[in-house]
Structure formats: C-alpha cells, structure tokens
Amino acid sequence: MRSITDLDRILREYTLYLQMEKGMSANTREAYVADVRKLLGYLGEGGTALRDVTPDTLRYFVGELHDLGIAERSQARILSGLRSFFHFLSIEDYLRPDPTELLESPKIGLHLPEVLTVEEINAMIAAIDPDKAEAQRDRAIMETLYGCGLRVSELIGLEMSKIYGEEGYIVVRGKGNKERMVPVSEVAVYEISEYLHDRALLKVKPDCTNILFLNRRGGKLTRERIFQIVKSLAEAAGIRKNISPHTLRHSFATHLLEGGANLRAIQQMLGHETIATTQIYIHLDRSTLRSDILAFHPRNRREGL
C-alpha cells in the first residue's frame with residue numbers, strides 16, 4: 001500500500017489521471033479537484049485522516065453540504081467527483097476498500113424533507129442517558145437545535161454573549177456571516193442555564209471562551225459530533241427514519257406551520273434569503289396560516305417548572 005500522506009502530490013497525480021485517462025477538460029479537472037479539497041478541508045476540521053474515511057464519514061460530509069443549503073443536484077455532482085477520486089486512490093493502491101462503493105447519491109428534484117413528529121422528538125430527548133457526563137449539554141443542544149430551528153454550523157458557533165434568556169431570544173450568525181435574532185423557548189433557556197453549571201467545570205480552551213457548547217476537553221464541537229449525537233438518540237428512541245440534525249430544522253419549520261405560524265415569520269426564524277426557500281414546507285393547509293411564532297411551538301412552555 002502506497003503512502004497517502006503527501007496530499008499535494010496525490011492531487012497532482014489525480015489531476016494528471018483526469019487529463020490522461022479520462023480526457024477531461026481543464027475546467028472539469030479544476031472542479032473535481034476543488035470538490036476533493038472541500039472534503040479534505042472537512043476532514044481536517046474533524047481530525048480525520050484520508051485513510052480513515054468510511055462511508056459514514058462521507059454521509060456526514062453530504063449532510064453538511066445539505067446543511068449549508070447546497071442543492072441536491074450540486075451534492076450529486078460533488079459526490080461524482082469524490083467517487084472518481086476514491087476510485088483513483090484504489091486503482092493506484094493508495095487506499096482500499098473504496099468507501100464510495102456503497103454511497104448513494106442524493107435524489108435530484110423537489111421532494112419534501114423528512115420530518116419527525118413532536119412525539120419522536122420528545123422520545124429522542126427522553127433517550128438521553130442521565131448518567132452520562134454530557135447529558136445536560138445534549139439536552140440543551142437538542143432543545144436549541146430543534147427549538148430555534150438552527151443549522152448545525154449556527155449551533156456549534158453559538159456564543160454565550162449572544163444568549164438573551166430573560167428577553168427570550170438569541171442572536172445567531174448564519175450564512176454570509178449575517179446575524180439574526182431568533183426567539184428562544186423557555187424550555188431551551190432553562191436547559192441552557194442548567195448546562196452552564198456543567199460548562200463552568202470545564203477547562204475551556206482560550207479560543208473557545210465565548211462558545212456555548214463545548215466538548216469534554218473544553219473545545220468547540222464539530223459538525224460530525226452533532227450528527228453522531230442526533231443519530232444515536234434517534235436509534236435509542238427506536239426511530240427508523242433516516243435523519244440528521246437538519247431533520248430537526250425541517251421538523252421545527254413544519255410544526256410551526258402546522259400550528260399556524262406565518263410563513264414570513266418562519267422565513268425570518270430560519271434565516272432564508274427568500275420566501276421561496278421556505279415554501280417547501282407548504283404541504284399543509286394554507287388556511288391555517290396565522291401570525292406569531294412561539295405561541296405555536298410545541299415545546300415552548302415548561303410544565304411543572
């Protein structure tokens with residue numbers, strides 16, 4: 001097995017392979033290599049070596065593309081480039097087996113996102129093991145992720161100084177580095193405040209002092225770790241749906257719409273640039289649309305607290 005440590009050399013060899021073996025144009029070669037670099041950047045963030053990539057690693061990567069709003073057609077194109085790259089690694093004896101062999105491409109075309117019921121979300125939160133050191137953190141994560149309809153990138157970058165619990169909102173940094181105010185439920189505020197007691201016991205890394213959700217080493221959580229938390233809780237709750245953290249965002253929007261929230265209010269909550277992006281959730285009775293947000297949120301009020 002050949003060494004896989006010199007990535008620049010491997011990318012040069014791959015570019016030559018695309019030119020000589022596949023006859024691809026310069027523009028296509030550049031696009032394929034750019035897609036590989038996207039993956040390498042993602043692996044670097046998570047501390048995963050190229051040799052350790054598995055089909056699940058690639059599924060998490062595709063999930064991040066989805067979370068960033070990359071269209072299914074673009075996701076499929078990126079996966080096509082990655083399949084070519086890993087096929088090259090395999091035939092050149094850099095890597096075996098090929099982790100893309102069992103990887104499915106995203107379905108292209110408009111389709112309704114997977115949605116969890118309120119009962120399923122409740123079951124996931126109830127499945128958190130209270131004996132785990134991260135139990136309170138994970139409860140706060142689930143309530144914030146679902147209760148505020150956040151993207152994963154917004155959740156892991158959420159800052160302590162942007163939590164305004166008494167006022168009932170948080171400030172989120174979304175796409176394009178734009179900030180928006182998002183109403184936060186009493187339940188989420190309570191779980192966050194409880195988590196802060198545990199967070200105070202951590203030895204926080206210097207560059208993470210203002211980051212709300214941390215790992216046990218006091219560092220910033222990765223997107224992949226959030227995927228793992230959500231998937232493990234779904235399995236523990238006996239949920240068979242193919243879900244990701246983004247499913248909670250879809251569920252949040254759908255439940256608000258079902259409850260009667262105004263579509264433009266949901267647009268602002270989600271941070272969508274245009275109302276057209278939000279309209280995918282209108283597979284419900286339009287006559288039920290009214291105003292306000294939190295009045296319709298199924299987990300807005302704490303019972304018995």
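Of the 305 residues in the chain, 47% are buried, where buried means under 20% relative accessible area, exposed over 50% and partly exposed in between, with a 1.4 Å probe and protein chains only. The model is predicted: local features need pLDDT of at least 70 and side-chain atom pairs count only at pLDDT 80 or more, while totals for chains, interfaces and linings use all residues. Residues are numbered from 1 along each chain as its sequence is written, and side-chain values use heavy atoms, with hydrogens and water left out.

**Confidence and overall make-up**

The average pLDDT of the chain is 81, and 80% of the residues score at least 70; pLDDT is the predictor's confidence in each residue, from 0 to 100. Over residues 282–294 the pLDDT stays under 50. For that segment the model has 31 contacts beyond four places in sequence, a contact being heavy atoms within 4.5 Å. Where pLDDT is low, the predicted coordinates should not be read in detail.

The secondary structure comes to 12 helices and 3 strands. These are DSSP runs numbered from the N terminus, with helices (H or I) of at least four residues and strands (E) of at least two. Among contacts in the chain with a separation of 6 or more, 64% are between residues 24 or more positions apart.

**Core and helices**

The largest nonpolar core has 74 residues. Such a core is a set of buried Ala, Val, Leu, Ile, Met, Phe, Trp, Tyr and Cys residues joined through side-chain atoms within 4.5 Å. F85, L89, F213 and I226 have the most contacts inside this core. Leaving aside neighbours within four places in sequence, L89 is in contact with I4, I10, L50, Y94 and L95.

F85 and L89 are among the buried residues of α4, which also include Q75, A76, I78, L79, G81 and L82. I226 is buried in α9, as are F227, I229, V230 and L233, among others. The buried set of α9 also includes R223 and E224. The table compares the C-alpha spans of the two helices with their expected values, an expected span being 1.5 Å times one less than the number of residues.

| Helix | Length | Span, first to last C-alpha | Expected span |
|---|---|---|---|
| α4 | 20 residues | 28 Å | 28 Å |
| α9 | 14 residues | 20 Å | 20 Å |

Helix α9 covers residues 223–236 and is followed by G238, whose phi is positive, near 75 degrees. Just after α4, D93 takes a positive phi of about 65 degrees, although D93 is a residue other than glycine. Most residues other than glycine have a negative phi.

D93 is found in the loop between α4 and α5 and is partly exposed at 23% relative accessibility. P97 has its place in the loop between α4 (72–91) and α5 (118–126), and at 64% relative accessibility P97 counts as exposed.

**Aromatic pairs**

The structure holds 10 aromatic pairs. Rings of Phe, Tyr and Trp (its six-membered ring) pair if their centres lie within 6.5 Å; planes under 30 degrees apart count as stacked, over 60 as edge-to-face and the rest as tilted. Y42 and F61 form a tilted pair, 5.3 Å centre to centre with 55 degrees between the planes. Because Y42 lies in helix α2 (residues 26–46) and F61 in helix α3 (residues 55–67), the pair ties together parts that are 19 residues apart in sequence. Y42 is buried at 8% relative accessibility, and F61 is buried with a relative accessible area of 3%.

The rings of Y164 and Y169 have centres 4.8 Å apart and planes at 25 degrees, so this pair is stacked. Y164 is partly exposed, with a relative accessible area of 28%, and Y169 is partly exposed at 21%. Ring pairs also link Y14, Y17, F85, F86, F88 and Y94 into a cluster.

**Sheet**

An open sheet of 3 strands has the order β1-β2-β3 with antiparallel pairing. Its edge strands, β1 (163–164) and β3 (179–183), each pair on one side only. Strand β2 (residues 169–173) is joined to β1 by 2 bridges; two strands pair if DSSP finds at least two bridges between them. Y164 stands opposite Y169 in β2.
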